[in-house]
Amino acid sequence: MKNKSVVLSVLIVGLAIFAAAVWYQSRPALVAQVEAVQPEIAEALIRPYSPILGPEEAPVTIVEFFDPACEACRAFHPIVKDILAEHDGAVRVVLRYTPFHGEGSEQAIRVLEAARMQGIFEPVLEALLEYQPRWASHGAPDPGRIIGIAEQAGLDAEAAKAQMMAPQTVGVLNQDRADVDAVGVRGTPTFFVNGKPLDPFGADELRALVAAEVAASGS
């Protein structure tokens with residue numbers, strides 16, 4: 001009888017450990033209690049000219065400080081698109097330029113602004129990210145390829161020459177650089193969801209924070 005009790009106890013403990021392990025692996029991502037940034041910083045998160053993916057009037061806003069030459073930004077892009085699809089109509093993404101990778105970054109941003117003037121921002125963004133290894137290799141960057149890649153996505157390269165150097169484009173670059181400094185962005189991608197910084201950083205954490213904000217909005 002004593003041996004049976006010992007075996008039963010061991011089985012119960014083993015089952016408890018197994019159940020705890022299963023729960024840990026399948027538990028929902030925890031959302032840290034993050035406060036929104038200070039008003040003076042919040043003002044620098046979004047500008048009226050900032051490119052938007054998703055519905056402009058969506059109740060939940062993801063602000064992404066991104067660099068088109070950044071490998072991590074490229075890796076996160078499908079995740080961001082998946083979040084937009086999952087919360088169809090409830091989430092928008094505001095993109096802020098962060099040219100941390102020198103000439104290639106700035107050239108790509110200028111091309112994206114030209115594409116926006118031509119009404120083909122998203123196709124050109126997708127193309128630049130898809131073929132990023134060809135023009136933004138950290139070992140041998142080749143920004144001269146950017147225009148050709150964008151042209152294949154529909155860009156009018158001849159018109160883009162003037163648009164890339166237009167005062168409007170220069171103003172966007174200068175303001176975004178100033179806002180990057182004001183917000184204190186040190187790496188890309190950096191995310192804010194309804195003014196709340198993503199901390200800790202990660203794909204699961206981004207999904208969880210967005211889901212919490214969508215739930216809070218009643219959408």
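Mentor: In this predicted model, I52 has V94 of strand 3 as its bridge partner.

Trainee: How do the two strands run where strand 1 joins strand 3?

Mentor: Strand 1 and strand 3, residues 91-97, run antiparallel and are joined by 2 bridges.

Trainee: In what order do the 5 strands form the sheet?

Mentor: The sheet is open, with the order 1-3-2-4-5 and mixed pairing. Strand 1 (52-53) and strand 5 (196-197) are at the edges; each has a single partner strand, so one side of each lacks a neighbour in the sheet.

Trainee: How should I read the salt bridges, and what does the count come to?

Mentor: Side chains of opposite charge can pair when their charged atoms come close. Here the count comes to 12 salt bridges. One of them is R47 with D179, whose closest N and O atoms are 2.8 Å apart. R47 sits in the loop between helix 2 (39-42) and strand 1, and D179 in helix 9 (residues 167-183), so the pair ties together parts 132 residues apart in sequence.

Trainee: Is D179 buried or exposed?

Mentor: D179 has a relative accessible area of 3%, under the 20% cut-off, so D179 is buried. R47, at 25%, is partly exposed.

Trainee: Which residue forms a salt bridge with K196?

Mentor: K196 pairs with E213, with 2.8 Å between the closest N and O atoms. K196 belongs to strand 5 and E213 to helix 10, so this pair ties together parts 17 residues apart in sequence. K196 is partly exposed at 23%, whereas E213 counts as buried at 11% relative accessibility.

Trainee: Which residues do salt bridges with shared partners join into one network?

Mentor: That network consists of R47, R96, D176 and D179.

Methods
Residues numbered from 1 in each chain as written. Predicted model: local features only at pLDDT ≥ 70, side-chain atom pairs only at ≥ 80, totals over all residues. Heavy atoms only, no water. Pairing = 2+ DSSP bridges. Helix = DSSP H or I, 4+ residues; strand = E, 2+ residues; numbered from the N terminus. Salt bridge = Lys/Arg side-chain N within 4 Å of Asp/Glu carboxyl O. Buried < 20%, exposed > 50% of the residue type's maximum accessible area, 1.4 Å probe, protein only.
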